[in-house]
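I'll jot things down as I look them up.

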Amino acid sequence: MNINKVIKKLPTGFVDEVAGFKKEQLRSAIIQAETNIRSIESDRNGDERLAGAKEIVKDLNGPYRDAIAAQRAKITYVLHV
């Protein structure tokens, strides 16, 4: 794990704020972040625009997916023969 990449994703000031935390405060920060993740994921799952966009991508991707599957099936069969 490259900690510098992780630090770049953090909000400004978070590193300095956490530097002074005690063990229990660190645990609370983890619990709060996990709670926030659940909330964000719930919001994302309820986003109708996002769901519609995913459906459009799924529809547009279908022919490509099917063509790739057919080519992989050819390879598998030829290797079998």
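This is a predicted model: local features need pLDDT of at least 70, side-chain atom pairs count only at pLDDT 80 or more; totals for chains, interfaces and linings use all residues.

I started with the charges: the mean positions of the 14 positive and 11 negative ones in the protein chain are 9 Å apart. I counted Lys and Arg as positive and Asp and Glu as negative, leaving out His and the chain ends. Each charge was placed at NZ of Lys, CZ of Arg, CG of Asp or CD of Glu.

Residues are numbered from 1 along each chain as its sequence is written, and side-chain values use heavy atoms, without hydrogens and water.

Next, the fold. I found 4 helices and 0 strands in the protein chain (DSSP runs, H or I of at least four residues for helices, E of at least two for strands, numbered from the N terminus). The protein chain is more spread out than a compact globule, because its radius of gyration is 22 Å, well over the 12 Å that the globule rule gives for 81 residues (taken over C-alpha atoms; the rule is 2.2 Å times the number of residues to the power 0.38). The C-alpha trace spans about 65 × 35 × 20 Å along its principal axes.

Last, I checked I3, which lies in helix α1. I3 is partly exposed, at a relative accessible area of 48%.

Note on methods:
Buried means under 20% relative accessible area, exposed over 50%, partly exposed in between (1.4 Å probe, protein chains only).
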